[in-house]
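Here is a short briefing on salt bridges and strand pairing. Look at the chains first, then read on.

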Amino acid sequence: MIHSLFLINCSGDIFLEKHWKSVVSQSVCDYFFEAQEKAADVENVPPVISTPHHYLISIYRDKLFFVSVIQTEVPPLFVIEFLHRVADTFQDYFGECSEAAIKDNVVIVYELLEEMLDNGFPLATESNILKELIKPPTILRSVVNSITGSSNVGDTLPTGQLSNIPWRRAGVKYTNNEAYFDVVEEIDAIIDKSGATVFAEIQGVIDACIKLSGMPDLSLSFMNPRLLDDVSFHPCIRFKRWESERVLSFIPPDGNFRLISYRVSSQNLVAIPVYVKHSISFKENSSAGRFDITIGPKQNMGKTIEGITVTVHMPKVVLNMNLTPTQGSYTFDPVTKVLTWDVGKITPQKLPSLKGLVNLQSGAPKPEENPSLNIQFRIQQLAISGLKVNRLDMYGEKYKPFKGVKYVTKAGKFQVRT
Amino acid sequence: MPYLGSEDVVKELKKALCNPHIQADRLRYRNIIQRVIRHMTQGLDMSGVFMEMVKASATVDIVQKKLVYLYMCTYAPLKPDLALLAINTLCKDCSDPNPMVRGLALRSMCSLRMPGVQEYIQQPILNGLRDKASYVRRVAVLGCAKMHNLHGDSEVDGALVNELYSLLRDQDPIVVVNCLRSLEEILKQEGGVVINKPIAHHLLNRMSKLDQWGQAEVLTFLLRYQPHSEEELFDILNLLDSLLKSSSPGVVMGATKLFLILAKKFPHVQTDVLMRIKGTLLAACSSESRELCFAALCHVRQILHSLPGHFSSHYKKFFCSYSEPHYIKLQKVEVLCELVNDENVQQVLDELRGYCTDVSADFAQAAVFAIGGIARTYTDQCVQILTELLGLRQEHITTVVVQTFRDLIWLCPQCTEAVCQALPGCEENIQDSEGKQALIWLLGVHGERIPNAPYVLEDFVENVKSETFPAVKMELLTALLRLFLSRPAECQDMLGRLLYYCIEEEKDMGVRDRGLFYYRLLLVGIDQVKRILCSPKSDPSLGLLEDQAERPVNSWASDFNTLMPVYGKARWAAISKCQGAERRGPELPNTASFTTSGPLIPEENKETAQELSDSGALMLVPNCQVTAEYFEKTWLSLEVAHQQVLPWQGAVHPDTLQMALQVVNIQTIAMSRAGTQPWKAYLSAQDDTGCLFLTELLLEPENAEMQISVKQNEARTETLNSFISVLEAVIGTIGDIKS
């Protein structure tokens, strides 16, 4: 299925290659580079490229391209998902999925790739199982290893692979039994010039961290399950039970995993927690413009909005910006023309604003379009859709687990047009 | 560290590997081996230390073993004689008490990829198939496929295949999936693994135990299975139901495809499934992974071909945010184009209008073409926007707007007036060949309505010497000659100059020949010129057929979740041909660009138009003259040969219907006015053998169906059936135009 994998960095060096069937020459990547050149911007390389003998399916993650070589017809989503899984695994193992991290751990990378695919077919991809086969590097372990000479490869086979429930290993034991759930919601929205919502939607996930002994059978219920109109589930969830009772009933995998992801679409009202007042203008035939934006809270349910960052891609003719923020700090990169304003949190008494002058290239025509503002923020202890966990019950085991639920709302692709 | 060439590195490492002191120190030994591997992965030729590495494989350290095996697999094809030495160690490891070591050794041995290794690996593989550790069985099962590949095209080992088929019952789910993968490769010549009823049901029952990759692959294998009864079919669909809600989009798409294929005789089930995965698709469309998003968008477009209104209420999902990569934006714009309906047209157009001023010229142009596409249905609004865009006086925008106008005026003659008013002045902002051609064509064909047309063309004639594109000169010749026919006084002089230039001075043969041709044509006389040049100025029926070519789900179900939707059908055919027939074939140009330049008629639709006009063996004669009286007489004297009911939504547009029927040579004898209830129409057609078809259409709005009764003057079922299919196609096409 997947013949070979090439890892390519932003400057076009192939710094790692792995072949599962016959060796495919590096020159196949030339087609990729060609497409990259044509696309002008690195990010615009199309994910599927055909060459006379192969197809190249690539993903772009953290400034790296994962280019897979395919020789037969495959479902494209399958390959794309798998490549993302590879990148996720690297991230999981090395803390970041960067060229430096991969080069430093090249041996582990090869071991992982060897276990994840055989003859081009995905084998072990669950992080739980992989970690039993190949232990992730830690500073402590590498010190210990260098003293004792022991390795970071498990000497025994993963036990979980033979249990009746494929996602959970048998004989788990903890001294503290804990079950934590994180409800994370991201707001994707486009706000138009006048502040009206063009499009808004909430993408939510519930991530779980379960450390429970034995074979616990959990059921999680919500105060308002009707909110979830479009949900996808971890394989452990009993679908029939959800359909009939709207209760999540499952035997959890051990450790961290994503329980469900859901979407609350624009049909239900999506609250927009911030507003932006802006006036950006460029004068005709002059080399200056004005820039003035203010951010304020709106529909924030009484919670503090924090971690606000505003990013603006200014037009090409902008040379420099002289701005004064009332709060936080700003940077403008004259090469990429990106303005970043790190605001921090909003205090309603004094709204943060950023105003000043824009220097334009003299003689150039004034930009036709005002730039869009990209906004990041975070609200703790609030799920903006109003989703609330009602209770968690455990069956099948005798002990009393410690339970906890945390809510957080973040901005996803949150864009304000000006 | 000083730079060392690969030879020096090899020498140094070789020395280190041979050093007994280092060999005694496990840690240092392993570090040296890691260095070898690191160099290998960077592309340095490390085959020089093969001998030493083989020695290093005899160790208890499992990491070291892994590294050495990795090394061997890379260089074995280069050093086959030395690699044979390693086989012995590998064979020994295959019976190690630790299952990890056994699996590792077996996997490495199967991946050696050198000739002659088969005889050594056969026995270990057979042992591996019966190993008690599932880890080893997984490796062994795939090893069978690798072994088969090493043999080349030799015969299939029947015993091995049987063994693999029996392992499909293995308790480990990955072994089961690997068996399928392996069998598929071994039996490639014979059409792959056979899925019969017991296997299919076994796999369906194990489905929930598989991981997402396994599920996705088993779903593709199950496509081969044909259920024997309807009951079985619905049982299977029930079993698969939960997969439609899987968290992996790949599995959801795989399951959807299986549903679509299995339920090919149940259109309502298909529609229902597409309804249910709407959410998943939409979620994938806004997923964090841009590649996933792209693939999902391609599939959305595919679904829209059959269910045009499917995503209409979610049109805002397809608004572009400016940070998205190009290929996604282009797809989104195309999707938006197809989602337009009466309620959202204003919002969509406002949004597209915004994209037209995007910094990226390509994207801006795509947005303009998209507005042009929508203009076929919502002409006035779009023409107004396009006219405003001309006011921006931007070169890249003006040229595409003019091209859009050219295409639009051909399909929608009603906008001629508006376009002609918008055109003056835009010649200053057009520099490229395509744009100039479009402008010149418009000036030539509709010149009589544009007061300053001759003067604009005159500018082009003045500058013809510095014109670089021959195509522009050709277009100019034709346009000027056409304009000459309608406004001779203003054009005669410059036409003479242009012809003189083309014949005497022009270097390009094509242009010169065209000039000579027109010159001689003019000599023959003005009537001849008119006969040849005054072709129709528009052809609305073309747009009608193109826009509404709604395809049944079954026509693309088998392409769903393959690479085909990502490429588009025409391009896919070209690539497969290039890949299949001629491996060294020339590379396709532009395989990677997804830009759509909005051609007048896309290839595939041309085919549809063709099919419509000559389906089957039936040849309807154009201009069959049947008077109303004759029709009435014949109608009353004949029996109804065929009666059928087709679904029909909303009111009828008699003109549209009449035009469409005209295209396939069916004449309208009489028709009720729009809005009458019940609505009736009488049609007649004649084929080349003289057989007459008389048809009555009866629409009763409360039933939302159109009743068709056909009478035939000679009873011949074949031709009757083909006639009905033609009629059905036309009515089906028109039927869903949303009023």
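The notes below cover the basis of the values, then salt bridges, then strands.

This is a predicted model, in which local features need pLDDT of at least 70, side-chain atom pairs count only at pLDDT 80 or more, and totals for chains, interfaces and linings use all residues; side-chain values use heavy atoms, with hydrogens and water left out. Residues are numbered from 1 along each chain as its sequence is written, while chains are lettered from A and ligands numbered from 1 in the order in which they are written.

**Salt bridges**

- A salt bridge here is a side-chain nitrogen of Lys or Arg within 4 Å of a carboxyl oxygen of Asp or Glu.
- The count by this rule is 40 salt bridges over all chains.
- Helices (H or I, at least four residues) and strands (E, at least two) are DSSP runs, numbered from the N terminus.
- Buried means under 20% relative accessible area, exposed means over 50%, and partly exposed lies in between (1.4 Å probe, protein chains only).

**A pair in chain A**

- Arg238(A) and Asp217(A) form a salt bridge through their side chains, at 3.1 Å from N to O.
- Arg238(A) sits in the loop between β11 (230-233) and α7 (239-245) of chain A, and Asp217(A) in strand β10 (residues 217-222) of chain A, so the bridge ties together parts 21 residues apart in sequence.
- Arg238(A) is partly exposed, at 33% relative accessibility.

**Two pairs in chain B**

- Glu184(B) and Arg224(B) form a salt bridge, with their closest N and O atoms 2.8 Å apart.
- Glu184(B) belongs to helix α11 (residues 173-186) of chain B, and Arg224(B) to the loop between α13 (212-222) and α14 (230-240) of chain B, so this pair ties together parts that are 40 residues apart in sequence.
- Glu184(B) is partly exposed, at 23% relative accessible area, and Arg224(B) is partly exposed at 38%.
- Glu458(B) meets Arg497(B) in a salt bridge of 3.2 Å, N to O.
- Here helix α26 (residues 453-462) of chain B holds Glu458(B) and helix α28 (residues 488-504) of chain B holds Arg497(B), so the pair ties together parts 39 residues apart in sequence.
- Glu458(B) is partly exposed at 25% relative accessibility, as is Arg497(B) at 34%.

**A network**

- Lys18(A), Glu114(A), Glu115(A) and Arg107(B) are joined into one network by salt bridges that share partners.

**Strand β1 of chain A**

- In strand β1 (residues 2-9) of chain A, 8 of the 8 residues are buried, so the strand is largely enclosed by the rest of the structure.
- Two strands pair if DSSP finds at least two bridges between them.
- β1(A) pairs with strand β5 (residues 64-70) of chain A in the antiparallel sense, over 7 bridges. Leu5(A) has Ser68(A) as its bridge partner in β5(A).
- β1(A) also pairs with strand β2 (residues 14-19) of chain A, antiparallel, over 5 bridges. Ser4(A) has His19(A) as its bridge partner in β2(A).
- The hairpin of β1(A) and β2(A) has 4 residues between the strands, and Gly12(A) takes a positive phi near 90° in this hairpin.

**The open sheet of chain A**

- In chain A, 9 strands form an open sheet with mixed pairing, in the order β11-β13-β9-β8-β23-β21-β16-β19-β18.
- Its edge strands are β11 and β18 (329-333) of chain A, and each pairs on one side only.
- Strand β9 (residues 197-211) of chain A runs antiparallel to strand β13 (residues 255-264) of chain A, joined by 9 bridges. Ile210(A) has Gly255(A) as its bridge partner in β13(A).
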